Amino acid sequence: MDSFFAALDQLVRRVPLRIDRPRGAAHQRFPEVIYPVDYGHLEDIGASDGEGVDVFRGSAAGAGIVGIALTADLTKRDVEVKVLLDCSEDEISLIEHLLHERLRLNASIIRRP
C-alpha cells in the first residue's frame, strides 16, 4: 500500500490539477448536490471516464494525499479511484456523505497508513 501512495504522490507533484467544481459548486447532473471541497482532476492522466484522475482537494494545505475513495457506480457501470488531497478529517466525512448519501454511490474511503 505504501508504494501505491508513493506513486500517487509523484503524480500529484508532476501533473497539473484542474479544479472543475470549486467548493460550494453544484453537481452537474444533480444541482441540489453541493460540493463540500474543491473537486477536479489530474490533467493528462487517463481514467475510465475519459477525464483525468479525480481529486477532492480540501483546506488542510500541506497535508498531501491523505487517502483515496474507491467508487462503483452501477448506473454508469464505472469504477474509479478518487484522490483525497489536503483533506481534514471533517472534510473526509463530508466527502463520504457526498458519495454515499447524496450521490448514492457504492464507495469506500481508504485512509493513507
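Residues are classed here by relative accessible area, with buried meaning under 20%, exposed over 50% and partly exposed in between (1.4 Å probe, protein chains only). The structure is a predicted model, in which local features need pLDDT of at least 70 and side-chain atom pairs count only at pLDDT 80 or more, while totals for chains, interfaces and linings use all residues. Residues are numbered from 1 along each chain as its sequence is written, and side-chain values use heavy atoms, with hydrogens and water left out.

Aromatic contacts were examined through ring pairs. Rings of Phe, Tyr and Trp (its six-membered ring) pair if their centres lie within 6.5 Å; planes under 30 degrees apart count as stacked, over 60 as edge-to-face and the rest as tilted. This rule gives 3 aromatic pairs. Phe 4 and Phe 5 form an edge-to-face pair, because their ring centres are 5.4 Å apart and their planes stand at 80 degrees. Phe 4 is partly exposed, at a relative accessible area of 35%, whereas Phe 5 is buried, at 1%. The pair of Tyr 35 and Tyr 39 is stacked, since the ring centres lie 5.2 Å apart and the planes meet at 20 degrees.

Helices (H or I, at least four residues) and strands (E, at least two) are DSSP runs, numbered from the N terminus. Helix α2 comprises 14 residues, 89–102, and spans 19 Å from its first C-alpha to its last. This span is close to the 20 Å expected at 1.5 Å a residue, the expected value being 1.5 Å times one less than the number of residues. The buried residues of α2 are Glu 91, Ile 92, Ile 95, Leu 98 and Leu 99. They lie on the same side of α2, because they cover an arc of only 120 degrees around the axis, taken from the directions from the helix axis to the C-beta atoms. Their cover includes strands β3 (54–57), β4 (65–73), β5 (78–85) and β6 (106–111), where contact means heavy atoms within 4.5 Å.

Positive phi values occur in the loops on either side of this helix. In the loop between β5 and α2 lies Asp 86, a residue other than glycine with phi near 55 degrees. Asp 86 is buried, with a relative accessible area of 13%. Arg 104, in the loop between α2 and β6, likewise has a positive phi of about 55 degrees although it is not a glycine. Arg 104, however, is exposed, at 62% relative accessibility.
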